[in-house]
Structure formats: C-alpha cells, structure tokens
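Colleague: Please take a close look at one part of this model, the place where the two chains meet. What lies there?

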Amino acid sequence: MKYILMMNTMRAGQGVPTWPTKDLQAHIGFMKTLNKELRESGELVAAEGLAFPNQAKLVRAGSNGLPITDGVFPESKEFLAGFWIVDVDTPDRAYAIAAKASAAPGPGGAPLNMPIEVRPVMSAPPPEMM
Amino acid sequence: MKYILLMSGTKAGVDGYHTWSQKDIETHMAVLKGINKELTESGEFVATQGLANPRDARLVTGQKNGVPVTDGIFPESKEFLLGYWIVDVATPERAYAIAGRISAAPGPGEVPTNMPIEVRQFATHG
C-alpha cells in the first residue's frame with residue numbers, strides 16, 4: 001500500500017531558513033540517510049523537496065480561459081515543504097517512517113519533532129484519468 | 001524546470017464532491033484525462049496522483065525514543081491535498097497555464113469549478 005508523507009511546516013513568504021550552515025548540513029545529511037535506507041528497503045517510491053513559499057502562486061482560470069495568478073496567501077496557510085511516497089506493508093510502517101522524518105535535526109542538532117501528515121494514495125491513478 | 005500543481009480542499013469540500021451526479025463526475029474526469037493526454041504528448045507530463053479521503057489522514061510526530069505518535073484530529077479549516085500533477089515545463093507561465101486549464105475543469109452542470117491550484121517549483125532535481 002502506498003502512502004504519502006507530507007512535511008507541511010512552512011509559512012507564507014518564508015524563504016531560506018536562517019540556520020547556521022552546520023545545522024543545515026546535519027539536517028540534509030539526515031534526510032539523505034533516511035532516503036538511502038528507504039531506497040535499500042525497496043520502500044521509496046518518490047521524494048521531493050519544494051522551493052520556498054515566497055515563490056508559490058495560486059492559479060485560477062479566468063472567464064476567458066487565461067490563468068489568473070495570485071501570490072497572496074493567508075497567514076495561517078500551511079505550505080508543503082516536501083514529501084515522500086512510500087510503498088509499505090502496513091499503515092504502522094508508514095507512521096514509523098514519518099516519526100523518523102519528524103525527528104530530523106534542527107538548529108543545534110535538536111530534533112525538530114515536526115508533524116508529518118500521512119495519507120494513503122490511490123494505488124494507481126484512476127483508470128478513467130489516464 | 002519541474003513544477004508541482006497542488007489541488008487542495010477542506011473535508012466539507014470533499015463531501016460536496018461526493019454529491020455530484022455520475023454524469024458531472026464523468027464530464028469532469030474526461031476533461032482532466034484530456035489534459036493528461038495533451039501533457040503526455042507534449043512531453044511535459046511527469047506524474048499525477050490522487051490522494052485517498054482526508055478522513056484517513058493522520059498526523060505523526062516522533063517521540064524521543066523514535067516511537068510514532070499518531071493523531072487524526074484536524075481543524076475544520078484545514079486544507080487537505082486532494083491530488084497533484086508534476087510537470088516539466090520551459091517557463092513558469094506554462095505551469096500557470098496548465099494550472100488554469102485544470103482550474104477550468106467542469107463541475108456540476110458543466111460550470112467550471114475555478115478551483116485554485118497552488119503552483120510550486122521543485123527544489124530538487126532542477
């Protein structure tokens with residue numbers, strides 16, 4: 001069964017974090033190791049990081065069919081920072097991987113304990129969509 | 001450059017979708033299917049995925065000992081990801097144009113949903 005693990009921690013207008021380089025490197029090193037482990041166990045389907053929210057745009061179709069773009073978001077909006085898609089045997093395994101990602105080190109090497117949203121994905125795109 | 005087009009909605013919005021008539025759902029899906037086909041033909045299609053119902057969502061944090069703590073309670077206002085498209089396009093404007101097409105997909109009575117689509121660039125893999 002496939003699950004998506006989402007890091008939704010960033011806020012509107014946020015750019016590159018102001019952590020010391022050493023802390024950023026430790027954080028990225030942790031994520032690389034996690035991805036390597038999941039690749040080796042055959043559970044990793046995809047992992048992507050998104051650019052910072054200060055580049056996000058909200059797009060709607062105008063009545064003439066042309067896109068209307070807007071870069072203004074409510075303060076409370078959660079932005080996706082990145083995600084993993086994993087193919088695991090049980091929901092509990094997906095939660096265990098999420099807990100591992102949650103404990104990624106932040107400033108000073110302390111675990112961030114950020115919440116990770118875990119959702120089942122449809123096992124394949126619905127056939128009528130392909 | 002790779003972009004992800006995110007379609008999100010509240011639980012109430014998802015419940016609303018489940019009240020659409022079969023005909024309206026089929027028309028909506030046919031338009032999305034046409035967009036996917038065009039993107040595949042233009043070489044811009046990377047991936048698309050629909051997510052299961054938000055009622056199955058869990059929020060997970062790790063305890064000190066690494067044991068996961070799960071919680072299924074979210075504020076009413078929370079926007080859940082419903083699905084996404086990943087496209088590989090030459091310009092941001094092209095990503096916005098594709099998002100505009102998705103936003104114009106028909107809803108009940110073939111009226112465009114005009115759903116807002118969040119467009120974000122990938123930090124990884126250029």
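Modeller: Two residues are in contact if their C-beta atoms, placed from the backbone, lie within 7 Å. Ala99(B) touches Val59(A) and Pro67(A) as well as Leu5(B), Ile117(B) and Val119(B), leaving aside residues up to four places away in sequence. The model is predicted, with local features needing pLDDT of at least 70 and side-chain atom pairs pLDDT 80 or more, while totals for chains, interfaces and linings use all residues. Residues are numbered from 1 along each chain as its sequence is written, and chains are lettered from A and ligands numbered from 1 in the order in which they are written.

Between the chains, 40 residues of chain B are in contact with 40 residues of chain A. On chain B, the elements that each supply at least two residues of this side include β1 (2-9), α2 (22-42) and α3 (92-103); helices (H or I, at least four residues) and strands (E, at least two) are DSSP runs, numbered from the N terminus. This side of chain B divides into 22 nonpolar, 13 polar and five charged residues, where Ala, Val, Leu, Ile, Met, Phe, Trp, Tyr, Cys and Pro count as nonpolar, Asp, Glu, Lys and Arg as charged, and the others, Gly among them, as polar.

Strand β6 (residues 116-120) of chain A is joined to β3(B) by three bridges, and the two run antiparallel; strands pair if DSSP finds at least two bridges between them. Val118(A) stands opposite Arg58(B) in β3(B).
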